[in-house]
Each structure stands twice: as structure tokens, then as C-alpha cells.
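Okay, thanks everyone, let me put the model up.

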Amino acid sequence: MPNTTKNPVENCGVDEEVFPCMGKCCRKKDDSFMSSHEIICPYCDISASLPYGESLKIMTIFECSRFGYGKRVTG
């Protein structure tokens, strides 16, 4: 019997303007101390910087290795 499971990111339809797309690339996960994200797509990666500046902001970096997208979000 052939495998009929489709790759969820084969034709994901996420353009660079809407990257990262919640529900396709990642999903928001609320921890008790801070908001974070969880990867859904095997091509996406999320990393965070160390706190910086007077307000100790953290920058979250989203990257898509399949399409070469990247976005930095300060939060």
C-alpha cells in the first residue's frame, strides 16, 4: 500500500511578506514566564538573541532554509 501522507510544506504557499506564517511555519506557545514559538515546518528554524539594551529586549529570529526567508522580531 503506497504512502498517501502528503508533505505539509510541499506547496505551503507562504510568501516572504507573510513569513513566518502562524499555523504553517510555527505556532505560538505561551510559557508561564514568556511567549515563545514552536516549529511546525521541518524547513523552518527559530532562535533568540541574548537580552540587550536598557530594556533587555530579546530578538527572535525566524529562518526558512527552503525559500531563504528570514525575519527578526523584537519582543
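This is a predicted model: local features need pLDDT of at least 70, side-chain atom pairs count only at pLDDT 80 or more; totals for chains, interfaces and linings use all residues.

So, which residues do ring pairs link into a cluster? They're Phe19, Phe67 and Tyr69.

Residues are numbered from 1 along each chain as its sequence is written, and side-chain values use heavy atoms, with hydrogens and water left out.

Back to the rings. Rings of Phe, Tyr and Trp (for Trp, the six-membered ring) pair if their centres lie within 6.5 Å; planes under 30 degrees apart are stacked, over 60 edge-to-face, and the rest tilted. By that rule we get two aromatic pairs. Phe19 and Tyr69 have ring centres 5.5 Å apart and planes at 55°, so that pair is tilted. It ties together distant parts of the chain: Phe19 sits in the segment before strand S1 (26-30) and Tyr69 in strand S5, 50 residues apart. Strands here are DSSP runs of E, at least two residues, numbered from the N terminus. Then there's Phe67 with Tyr69: centres 5.5 Å apart again, but planes at 25°, so this one is stacked.

How covered are these rings? I'm calling a residue buried under 20% relative accessible area, exposed over 50%, and partly exposed in between (1.4 Å probe, protein chains only). Phe19 is buried at 3%, Tyr69 is buried at 14%, and Phe67 is partly exposed at 41%.

Phe19 and Tyr69 also belong to the largest nonpolar core, which has ten residues, including Cys12, Val14, Cys26 and Phe62. A core here means buried Ala, Val, Leu, Ile, Met, Phe, Trp, Tyr and Cys residues joined through side-chain atoms within 4.5 Å. Take Cys26: leaving out residues up to four places away in sequence, its contacts include Pro20, His37, Ile46 and Phe62, where contact means heavy atoms within 4.5 Å.

Now the sheet. It's open, with three strands in the order S3-S4-S5 and antiparallel pairing; two strands pair if DSSP finds at least two bridges between them. S3 (44-48) and S5 (69-74) are at the edges with a single partner strand each, so one side of each has no neighbour in the sheet. S4 is mostly covered, with five of its six residues buried.

Where does a cis peptide bond turn up? From Phe19 to Pro20, with omega near -5°, and Pro20 is in the segment before S1. The hairpin of S4 and S5 has four residues between the strands, and there Gly68 takes a positive phi near 80°. Leu56 has a positive phi too, about 55°, although it isn't a glycine. You'll find Leu56 in the loop between S3 and S4, exposed at 56% relative accessible area.
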